[in-house]
Number of protein chains: 2
Amino acid sequence: MVEVKSRRGEYTGATRRALLDAAARLFTERGFAQTSLDDVAADARVTKGAIYHHFASKTGLFEALFDELEHTESGAARAAFEACEDPGAGVVAALDQFLRACSEPVYGALVFREAPLALGWDTLQRYEAKYSYGLLTDMLGALRGTGRIPIWGGDALPRVVFGMLSAAGQLLARTPPEDVERVRAECRVPFTALLVGLSSTTDS
Amino acid sequence: MVEVKSRRGEYTGATRRALLDAAARLFTERGFAQTSLDDVAADARVTKGAIYHHFASKTGLFEALFDELEHTESGAARAAFEACEDPGAGVVAALDQFLRACSEPVYGALVFREAPLALGWDTLQRYEAKYSYGLLTDMLGALRGTGRIPIWGGDALPRVVFGMLSAAGQLLARTPPEDVERVRAECRVPFTALLVGLSSTTDS
DNA sequence: GTCAGTCACATACCCCGAGTATGTTCCCGA
DNA sequence: TCGGGAACATACTCGGGGTATGTGACTGAC
């Protein structure tokens, strides 16, 4: 998090940032697999050596980018959730915040389109556990605390809900700007319906 | 679909089948990216030349495998759906059939774990449109016909539902056999809840 | 003031694996 | 029996991720 304060000013931090920005652009436009490290280095006006000085591998470069995006976004969603007294309203607010973030081209494309391809499902799930997934279980737990949804056993419910969020995010990431508003409204339907359904479901 | 009836018997068809079987095994165990074509060829007792004689590329090999699996599975799910008079019961039956198929190691691993990585989202969506996605919209349409769920505009709802199915499938594919029964029951919860919620949702 | 040490890269290289080009064998029909 | 094509095998290219090594600039110690 805190950048190493090099004695030689922020020259080194600047190249690292340039690499992350270049990677964000190219990975978003061409995709992770279709972008070579030489492309990223050239776009940042350096060579491949600089990449491997700052990051462990091509995957490591993507991970740093991904971690950055998820950190800020999950923070915003959690803030939206905790700003509300009522957990039910908090969930809706967090969902709205999330759907807005997905409409932003870079976040949607990298997190929901490229991340599985770049990191693989195992690594991706570790990050999910760290960020969005943890927030999601917190929110579901708060809802359960109010008796609004039933007790559940394993983690099937949050996983499936997360699948819904991924699908919505991926859909929004592919939606042209002029339709975003309408699609975002459509995306809210299944989530509110699920909440309604869960609240009227008795334990079995 | 119909195999070319070579004059020299089914020797050529046999190698093609051996290649598909070897690919299914290795892709399931090690994953698509971690399996080289030489590995597949060696496992089938042939060389890489045989692969490129029968398939256009590594992706093409996976596609043939994927298409085969999806064809049989979507057929089974559709049969389960159409065997019921009531669309509501049909949806439940199709869901059960689907969740059972996901518990089978090869189908779950290849379709929900490897397919996005091997084919990419665009190609994958074309296959979804051909198979599971088409069935899904048919089922939702039948439910809509009975007035059990509201009218919806775009394709956000089926997409999100498909995301739920993918998450459930992926979860089941990673579940050890002794827990499959329990997890499968847990997976049914959000789907039935969604149906309940949709049926009690009025148009907005 | 100079010299060892290290940071921040650049350059040159290795190697694996997908894809290709070409060779070879067997069979069939003319 | 001979041309031809199907069904592979063999040998090769090449792009890109990863590595090993070189190099200049700065810094802190003595």
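Predicted model: local features only at pLDDT ≥ 70, side-chain atom pairs only at ≥ 80, totals over all residues.
Let's start with chain A. Picture a box drawn along the principal axes: the C-alpha atoms of chain A fill roughly 60 × 40 × 30 Å. Chain A has 204 residues, and 49% of them count as buried. How does the chain touch itself? Take the contacts in chain A with a separation of 6 or more: 66% of these are between residues 24 or more positions apart.

You'll find E73(A) in helix α4 of chain A, which covers residues 58–82. Here's something to look at: E73(A) is buried, yet it has no salt bridge. The nearest side chain of opposite charge belongs to R100(A), and that is 8.3 Å away. A salt bridge needs the nitrogen and the oxygen to be within 4 Å. So what does E73(A) touch? Setting aside its neighbours within four places in sequence, E73(A) is in contact with Q97(A), F98(A), A101(A) and Y107(A).

R184(A) sits in helix α9 of chain A, residues 180–199. Is R184(A) buried or exposed? Its relative accessibility is 13%, so R184(A) counts as buried, because the cut-off for buried is under 20%. If you skip residues up to four places away in sequence, R184(A) touches R100(A), along with L99(A), S103(A) and L172(A). R184(A) also has a partner in E181(A): a polar contact of 3.1 Å joins their side chains.

Time to bring in chain B. Rotate chain B by 180°, with 0.0 Å of shift along the axis, and it superposes on chain A with an RMSD of 0.1 Å. That is the relation of a two-fold axis. What about the surfaces that touch? Of the interface residues of chain B, 100% are also interface residues in chain A, so the copies meet through the same surface.

How much surface is involved? The contact takes 32 residues from chain A and 32 residues from chain B. Between them, the two chains bury an area of about 2600 Å², and carbon and sulfur atoms give 71% of it. On the chain B side, L117(B), W121(B) and V160(B) supply 22% of the area buried against chain A, more than any other three residues.

Which parts of chain B do the touching? The elements that give two or more residues to that side are α6 (105–130), α8 (156–173) and α9 (180–199) of chain B. Of these, α8(B) gives the most, with 10 residues.

Notes
Residues numbered from 1 in each chain as written. Chains lettered and ligands numbered in written order. Heavy atoms only, no water. Least-squares fit on C-alpha atoms with pLDDT ≥ 70 in both. Contact = heavy atoms within 4.5 Å. Helix = DSSP H or I, 4+ residues; strand = E, 2+ residues; numbered from the N terminus. Buried < 20%, exposed > 50% of the residue type's maximum accessible area, 1.4 Å probe, protein only. Lys, Arg positive; Asp, Glu negative; His and termini not counted. Buried area = accessible area lost by both parts, 1.4 Å probe. Polar contact = N/O pair within 3.5 Å; in protein donor to acceptor, adjacent residues only side chain to side chain.
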